[in-house]
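Colleague: I would like to learn how to read pockets and ligand shells in a model. Please take them one at a time.

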Amino acid sequence: MTSPSPTADDHGEVDTVTEVPVAIVGAGPAGLLLAHLLGRAGVETVAIDTRTREEIESTHRAGILEADAARTLVETGVSDRILREGDEHAGIELRFGGRAHRIDFQDLVGESVWLYPQTAVFVDLADARDRDGGTVHFGTSGTEVLDVESDRPRMRWTGPDGTRHEVRARYVVGADGSRSQCRELVPADHRTQHAREYPFAWFGIMAEAPKSAPELVYAHSEHGFALISQRTESVQRMYFQCDPDDDPAAWSDDRIWTTLQARVAGEDGFRLLEGPVLERTVLRFRSFVQEPMRWGSLLLAGDAAHTVPPTGARGLNLALHDVTVLAEVLVEALGGTDAALDDYQRRALRRVWRAQNFSYWMTQLLHAAPGGSSFDLRRQLGELDNVVSTRAGRTYLAEQYTGWPTRDTD
Ligand code: PHB
């Protein structure tokens, strides 16, 4: 990295200028894992994020890591905390018609997933960057990305102390999440956005209560979907299908528990263990993909390029897969073969569309469409029965949920 020096040009004054091969917009799990993998290959990066570290750490996100993603984090030296503090889940439960049906991942496909919250993945990655001397700036403002159509793109931002910074790079990666500013840099007449909206959202809670089940429970009911997840022995994460315009503040603890209990009730007498609701949020979601994922010297990764409904727990896993591929091709490109980057979109998108299908499928399988008829409900029960009644049906779900080995989709 060159030492900081003041400069001025047609885009205005900056106080510091540094040069690194790769500048990264967004220091969530995707941006930080990319920085980590490039760092291991001897490639320096600067990553920036508008959020403070504390803000990212206190935003609750999904909790499931597929086997390959967990292996990447452990084997590349980010975290062995997953193995010590994560919970290995060898299956999930599907509940419908008031009964439980276990999908045994280990038996069906010989894999498990890890319940390890995204915030913990972020903390491990941020700690690993600190440990390895990587450069990450949180709490930035006024981000600008310039000259992406040239081979000298620049990233500019203002630090929390008001200092204006510029990084000159060979490539800029937009890993700036679902409200990405980087994806807007692909000119409108050169990009395609594929999207699907859903007429429902998730009401997510953190509750102080013991675990109600040892594994995740995905519940279908005539009243709508519910998901029972866990965090610790005394704090649980649960969701239920709600209206996208629901106001979380309008829901009392009582109303939340009554709703959740009705969605998991059944002839087996299953009941959730209740406790004070510590947090409540309404989470809207959609399916979205923007192509191309490369524009000149700009590459998009993770939620900046695609988002999925949370039902299949694919979002974080897809983001981590994107940057694993991206790190590989960037190292080749920086070695002189720019054409290596042409492979990125093909390899990333293949998995993205498989995951789009799975997330869409799980969503429509388990949620009640507003205004749906008794036919719709019975047809869903028929589909669920097809999934759990044959080994082929259960294996289909297990393969998708545990993720596809990288070698199968690349
Ligand atoms: C979670 O624990 O937050 C979670 C787990 C599985 C999902 C979505 C969210 O599909």
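**Pocket and ligand shell**

Modeller: The second largest pocket holds about 440 Å³ of space. This is a predicted model, where local features need pLDDT of at least 70, side-chain atom pairs count only at pLDDT 80 or more, and totals for chains, interfaces and linings use all residues. Residues are numbered from 1 along each chain as its sequence is written, and side-chain values use heavy atoms, with hydrogens and water left out.

Colleague: Which residues that line the second largest pocket are closest to its centre?

Modeller: A pocket is an open set of points on a 1 Å grid over the protein atoms alone, where a 1.4 Å probe fits, with protein on both sides within 12 Å along at least five of seven lines; lining residues have an atom within 4 Å of a point. Here 24 residues line the pocket, and Phe-200, His-367, Ala-368, Ala-369 and Pro-370 are the closest to its centre.

Colleague: Which element gives the largest share of that lining?

Modeller: Helices are DSSP runs of H or I with at least four residues, strands are E runs of at least two, and both are numbered from the N terminus. Helix 10 gives the largest share, four residues.

Colleague: What surrounds the ligand?

Modeller: A residue is near a molecule if one of its heavy atoms lies within 4 Å of it. The ligand has 15 residues around it, with Tyr-218, Ser-229, Arg-231, Tyr-239 and Pro-310 the closest.

Colleague: Which polar side-chain atom lies 2.8 Å from a ligand oxygen?

Modeller: A polar contact is a pair of N or O atoms within 3.5 Å. The side-chain atom belongs to Arg-231, while Thr-311 has a polar backbone atom 3.3 Å from a ligand oxygen.

Notes
A polar contact is a pair of N or O atoms within 3.5 Å; within protein, one must be able to donate a hydrogen and the other to accept it, and residues adjacent in sequence count only if both atoms are side-chain atoms. Grid points are joined across faces, edges and corners, and a volume is the space filled by probe spheres set on the points.
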